[in-house]
Amino acid sequence: MATTAAVAPDPEPPTFPIDISPITPTDYGTFVTRSLARGKRDNDSNSIDQRTLRNCLSLASSFLMTDTAIDPRCGAGTWSTGLLRLVDLVIVLHRRNELELETLNSASRACSECWTATGNWRGLAECRQCVREAAEKLKKILDPDKTYKGERIYAP
């Protein structure tokens, strides 16, 4: 004797507009602050963890896209806050004579990537100005021949 399984009826198709939960906006400024604070707790030190700083810098262009796309009203501000905080820390490390060449290279690369992104996406003029400001700060710590302590740095 063959058994027949009961087939559930097709569910009703969704009606429009579909209720989709909003995506939580990203915030590069907060991410940077929390990441660096965590690094300080882990090291239990007053030093700046340059590996964490470099990791944060490597994410600058990604956060540029997510901060500004998910929250068009405030995203440029949260992203700019994050980038400028990082560059300020690079300057602090330079003044302390602790800046590693790799960290300066990461900052230069982040500016280059973000400059390219802001030039290719409409509506990011405010962010482009922030990249210009960050790059100008970094240029001030370079040697006259555009090296850092005689070493070449990343330049696109």
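Guide: Threonine 78 touches Thr26, Asp27, Tyr28, Gly29 and Asp67, leaving out residues up to four places away in sequence; contact means heavy atoms within 4.5 Å. This is a predicted model, in which local features need pLDDT of at least 70 and side-chain atom pairs count only at pLDDT 80 or more, while totals for chains, interfaces and linings use all residues. Residues are numbered from 1 along each chain as its sequence is written, and side-chain values use heavy atoms, with hydrogens and water left out.

Visitor: Is threonine 78 buried or exposed?

Guide: Threonine 78 lies in helix α4. Buried means under 20% relative accessible area, exposed over 50% and partly exposed in between, with a 1.4 Å probe and protein chains only. Threonine 78 has a relative accessible area of 17%, so the residue is buried.

Visitor: How many helices does the secondary structure of the chain come to?

Guide: Helices (H or I, at least four residues) and strands (E, at least two) are DSSP runs, numbered from the N terminus. The elements run α-α-α-α-α-α from the N terminus on. The chain has 0 strands, and its count of helices is 6.

Visitor: What is the relative accessible area of leucine 104?

Guide: Leucine 104 is found in helix α5. Apart from neighbours up to four places away in sequence, leucine 104 touches Val90, Leu99, Leu138, Ile141, Leu142, Tyr148 and Ile153. The C-alpha atoms of leucine 104 and leucine 138, 34 residues apart along the chain, are separated by 8.1 Å. Leucine 104 is buried, with a relative accessible area of 1%.

Visitor: How are α5 and α6 oriented to each other, and what is the hand of their crossing?

Guide: Helix α5 (residues 101-120) and helix α6 (residues 125-139) pack with their axes 9 Å apart, at an angle of about 155°. Axes are lines fitted to C-alpha atoms, for helices over the stretch in contact, and angles run from 0 to 180 degrees between N-to-C directions. Angles under 35 degrees count as roughly parallel, over 145 as roughly antiparallel, 65 to 115 as roughly perpendicular and the rest as oblique. The pair α5 and α6 is therefore roughly antiparallel, and the crossing is left-handed (the near helix is turned anticlockwise from the far one by less than a right angle; clockwise would be right-handed).

Visitor: Which residues of α3 make the contact with α5?

Guide: The axes of α3 and α5 come within 8 Å and cross at roughly 35°. On the α5 side, the contact is made by Ala110, Glu113, Cys114, Ala117 and Thr118. The residues of α3 in the contact are Ala60, Ser61, Leu64 and Met65.

Visitor: What separates the C-alpha atoms of glutamine 50 and leucine 99?

Guide: Glutamine 50 is found in helix α2 and is buried, with a relative accessible area of 7%. Beyond its neighbours within four places in sequence, glutamine 50 is in contact with Leu93, Glu98, Leu99, Glu100 and Thr103. Glutamine 50 and leucine 99 are 49 residues apart along the chain, and their C-alpha atoms are separated by 8.2 Å.
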